[in-house]
Amino acid sequence: MACMKLGSKVDAFQRHGQAWFCTTGLPSDIVVEVGEMSFHLHKFPLLSRSGVLERLIAKASEEGEEGCSISLPDIPGGAKTFELVAKFCYGVKLELTASNVVYLRCAAEHLEMTEEYGEGNLIMQTEVFLNQIVLKNWKDSLKALQSCDDVLPRAEELHITKRCIESLAVKACTDPNLFGWPVMEHGGPMQSPGGSVLWNGISTGAIPNNSSSDWWYEDVSTLSLPLYKRLVSVMEPRGVKQEIIAGSLTFYAKKYLPGLNRRQAASESSTRLEPVAMGAPPSEEDQKLLLEEIDRLLPMHKGIISTKVLFGLLRTAMILRASPSTISNLERRIGMQLDQATLEDLLMPNFSYSMETLYNVDCVQRILEHFLAMDQATGGASPCSIDDGQLMGSPSLTPITMVAKLIDGYLAEVAPDVNLKLPKFQSLAASIPDYARPLDDGLYRSIDIYLKSHPWLSESDREQLCRLMDCQKLSLEACTHAAQNERLPLRIIVQVLFFEQLQLRTSIAGCFLVSDNLEGGSRQLRSGLAGSNEGGWTTAVRENQVLKVGMDSMRLRVSELEKECSNMKQEIEKLGRVKAGSSTWGNVSKKFGFKLKSQMCSAQEGSISQQNNGSEKLEKAKGGNHKKKASKEE
């Protein structure tokens, strides 16, 4: 830390209890009271340097009291600062440092220690030290700014606080390698002003590694909230990037809000950015005020602060009962980047006194609404503007698809809560647009868990809940599970069976096409590469056999499903739900709201029969060729 020495005389001040004495050989003729401390001094050194002391001493002398005594109750810095002022008046050796220069400058102004009362008076000496040494160094400027807290009104009048903040802001937005000294004092090796590493004061010529943009985070976190707030407000107009300011705000919040560090993994933050323990944490009221100020200082932009930190701030705001505007702003910030959240982030406990549900589902609902509103405002894709074939590959749908998957996972986690009401579950599930879910397997899983945890739901409520999912968007595995799920309503099971059968028929048709292509390719291989590529022909035959085995298993599954469907048709006929004189399966399809046309099934059956006939003809042709070859050999 830089310093400037003043005076040349030997220190002649001695302290006895609550009193200071100047042992110059002459008896003291004045007592100066500063707080609980008394200074037994001499009139001439004091009045020759200070206009205020000159008037006070003259006034006390006119009163004619034997023991002249004056009081200085409002001197900035108190008794400790006046001790240094007295030593300066006597010409005793003392050091100006970044820690005491602000106090001395304010005290000198208070006592009117101008050049009229002696050349090189204290006002001039402190101003020179401030401007030429302290404000040109990062650490010294920071120490001077910290000391402004105790004498803030007088420091504001003298513009010391403003000058220190301006100095720090300029250095924070400048490449630290250009001025070197602040970075070396931050914890790195000693450097010369040119940037080379110093060893015992001698330049080694080695250039240290470049410092990152967060080198000043820890230093400014030692400032009080009012001064830190002013410093951050000045930095952005000076050119500091918003991401860097947000990083500093995050560091400051983690240092004074203990709740932010409880759920943070150690691997996610570097050792340098780990906040330092500061003993006892601030009171809840102070933490609440700090959190609200952090929210006001954070820029409202996407991605400048991690989603995990935002969730931590929101969770802490709910615990501390922060203002509704603070909670709403944090929810809006999270909604802007909800696609970057994890399931663990969403699982926020319910801190309300009512404790209706285990997790705060209402908060997640509001966050999701903010995300959907932002997605719509930024031109998010909709079913009207995109084809079904592009749903999976469209880059614009990636964030909303990720959010849909995230919400389905969240629904599965909160579904076991017996206090979670059906309307709240439905509202959250229905908030996701249909086009955002390529598959409804996740939604089906959450619905199944909810039905299992709420067995008392009526049949109508079950049907209403199951209408949230689209049976056509269930995978084959999900259809197989749903067809055997006793918790689902009968109407939904019939729909699932129908679409499962349709998927199997489509898969079989596709397998036949693949098989025909393989057979066509095998003929070309036999005609063009006979005897030269026997290994490739063997592989093609094996693949063909595997496909035939798969088709056989699919045929068995289709026959089983047809038997199940016929049994269900009979049960439905017994219940009298089908009108007489009409096609049974046609009425069932109309009653259960199948939107696919029956011609699709008939067309697929026709294609399958044509493919079967074609395969039989090929087998007969193969048999004829073998017979001709055998007769020629004989």
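Author: Gladly! Buried means under 20% relative accessible area, exposed means over 50%, and partly exposed lies in between, with a 1.4 Å probe and protein chains only. This is a predicted model, in which local features need pLDDT of at least 70, side-chain atom pairs count only at pLDDT 80 or more, and totals for chains, interfaces and linings use all residues. Residues are numbered from 1 along each chain as its sequence is written, and side-chain values use heavy atoms, leaving out hydrogens and water.

Reader: What makes H13 largely enclosed by the rest of the structure?

Author: Of the 15 residues of H13, 12 are buried, so the helix is largely enclosed. Among these buried residues are Ile244, Leu249, Phe251, Tyr252 and Tyr256. Their cover includes helix H11 (217-220), helix H12 (225-235), helix H14 (284-297) and helix H15 (307-319), where contact means heavy atoms within 4.5 Å.

Reader: Why is Phe251 called buried?

Author: Phe251 has 4% relative accessibility, so it counts as buried. Tyr217, with a relative accessible area of 7%, is buried too.

Reader: How many aromatic pairs does the count come to?

Author: Rings of Phe, Tyr and Trp (its six-membered ring) pair if their centres lie within 6.5 Å; planes under 30 degrees apart are stacked, over 60 edge-to-face, and the rest tilted. By this rule the count comes to 8 aromatic pairs.

Reader: Why is the pair of Tyr217 and Phe251 called tilted?

Author: Their ring centres are 6.5 Å apart and their planes stand at 50 degrees, so the pair is tilted. Tyr217 lies in helix H11 and Phe251 in helix H13, so the pair ties together parts 34 residues apart in sequence. Together with Trp216, Tyr217 and Phe251 form one aromatic cluster.

Reader: And what makes Tyr252 and Tyr256 a tilted pair?

Author: Here the centres are 4.9 Å apart and the planes at 50 degrees, so this pair is tilted. Tyr252 and Tyr256 are 4 residues apart in helix H13, separated by about one helical turn. Tyr252 is buried at 3% relative accessible area, and Tyr256 counts as buried at 15%.

Reader: How do you know that S2 and S3 pair?

Author: Strands (E, at least two residues) and helices (H or I, at least four) are DSSP runs, numbered from the N terminus. Two strands pair if DSSP finds at least two bridges between them. Strand S2 (residues 13-16) and strand S3 (residues 19-22) have 4 bridges, in the antiparallel sense.
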